[in-house]
Amino acid sequence: MLLLIQTLAMNIVNRQVLTLDEFTIQQLRQFPQATGELSGLLRDIGLAAKRINVEVNKAGLVDILGDAGEINVQGEDVKKLDVFANNQLTAVLHHGISCAGIASEEIQDYVAFDDEVSKNSKYVCLFDPLDGSGNIDVNVSIGTIFSVYRRVTSKGSIATREDFLQPGRSQVAAGYVVYGSSTMLVYATRRGVNGFTLDPSIGEFCLSHPGIKCPENGKIYSVNHGNFFQYDARVKQYIDVCQKKAKADGGPYTQRYIGSMVADVHRNLIKGGIFMYPGTMDKPKGKLRLLYECNPFAFITEVAGGKATDGKQPILDIKPMELHQRTPFFIGSKNMMEELESYLS
Ligand code: AHM
Ligand code: MG
């Protein structure tokens, strides 16, 4: 009897947890005119993320075997994992009914799906299938980043380059998956940012972080200090200010830099902070890609109340000229960003 009561109680508790699928359907119900294509696309990405997660977890095992053997298969496997993630996302989006084409950090050109269902789909999706994959061999968090746009060409025709080269402001949704101590999928639409943690026991993303807001003030600054002497004088000046405010001097700030943007920006989004990947003397546009990395995070962060710029203008206002365009990137808590801007202007 007691067991039965406990089981019933657990079921009641479990029913309070919304899965990603349930959540997107619930959101859809609030818009009777909605077709459900965006919800379907987000669920498709959730499915690809679960498949990628399984392989990312296995990569740790391959690591151990690789270290024990004579041949270093590690590099090869990391490379395979990039390709695997790219193929999973591409296949899932192609099989779905919502996506007319994709562009990926791993592929030179965009891919427009040529079948009738895809040609009649509303959206295109851009993604970095596995960001920070250089960190995989040391078991550090990595992630997937994605961005969704309503196509500008008419339904029924094949998607073209202009569908993919839209300013970030036109995104209808963006998100990321962080494969970390737990696996989380966070996505934003203009209505809000919500985070889902993968429950491995049922293989479902469950709503764990509803209505994420980026704290207006933060204490964390994240930047690659190794490049310090390559930065513009004004950026150096701001970093100096951060250092002076850092804990070592009894101040409130602290520096954290994982080198996996998904993990760095995710942490700062939740805890408050600023992440910077400035241009350097050698690479004035920095390293990060506008379409696959910066735009999605800028969209998510703005919806959550934060800011993102290239040092001169909001990231979301940049009109992209090419698919693999790079940009300096500054993103984070509103007040920290405004302080940075006072140095950059
Ligand atoms: P990738 O797309 O080749 O994985 O590179 C992007 C990553 C970001 O996740 C991270 O913030 C950055 O590169 C780190 O670069 P660096 O080692 O130059 O600081
Ligand atoms: Mg990347």
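Author: A residue is near a molecule or strand if one of its heavy atoms lies within 4 Å of it. This is a predicted model, in which local features need pLDDT of at least 70 and side-chain atom pairs count only at pLDDT 80 or more, while totals for chains, interfaces and linings use all residues. Side-chain values use heavy atoms, leaving out hydrogens and water; residues are numbered from 1 along each chain as its sequence is written, and chains are lettered from A and ligands numbered from 1 in the order in which they are written.

Reader: Which residues come nearest to ligand 1?

Author: The residues around ligand 1 number 15, and Asp 131, Gly 132, Tyr 257, Met 261 and Tyr 277 come nearest. By class, the shell holds five nonpolar, five polar and five charged residues. Domain 1 (18–209) and domain 2 (220–344) each supply at least three of its residues, the bounds coming from an automatic or database domain assignment.

Reader: What makes the pair between Tyr 277 and ligand 1 a polar contact?

Author: The term asks for N or O atoms within 3.5 Å. A polar side-chain atom of Tyr 277 lies 2.6 Å from an oxygen atom of ligand 1, so the pair qualifies. Alone, ligand 1 exposes 470 Å² (Shrake-Rupley method, 1.4 Å probe), and the protein buries 78% of that. Strands β3 (123–131) and β11 (273–277) are the elements that give two or more residues to the shell.

Reader: Why are β10 and β12 called edge strands?

Author: Their sheet is open and mixed, with the order β10-β9-β11-β13-β12. β10 (254–255) and β12 (307–309) each have a single partner strand, so one side of each lacks a neighbour in the sheet.

Reader: How do you know that β9 and β11 pair?

Author: Pairing takes at least two DSSP bridges. β9 (residues 220–222) and β11 have three, in the parallel sense, so they count as paired. Ile 220 stands opposite Gly 273 in β11. In contrast, β4 and β5 (residues 171–179) run antiparallel, joined by eight bridges; Val 148 has Ala 173 in β5 as its bridge partner.

Reader: Why is the pair of Glu 37 and Lys 155 called a salt bridge?

Author: The cut-off is a side-chain nitrogen of Lys or Arg within 4 Å of a carboxyl oxygen of Asp or Glu. Here the closest N and O atoms are 3.8 Å apart, so the pair passes. Glu 37 is in helix α3 (residues 37–68) and Lys 155 in the loop between β4 (142–150) and α6 (161–164), so the pair ties together parts 118 residues apart in sequence. The whole structure has 14 salt bridges.

How values were computed. Polar contact = N/O pair within 3.5 Å; in protein donor to acceptor, adjacent residues only side chain to side chain. Helix = DSSP H or I, 4+ residues; strand = E, 2+ residues; numbered from the N terminus. Nonpolar A, V, L, I, M, F, W, Y, C, P; charged D, E, K, R; others polar.
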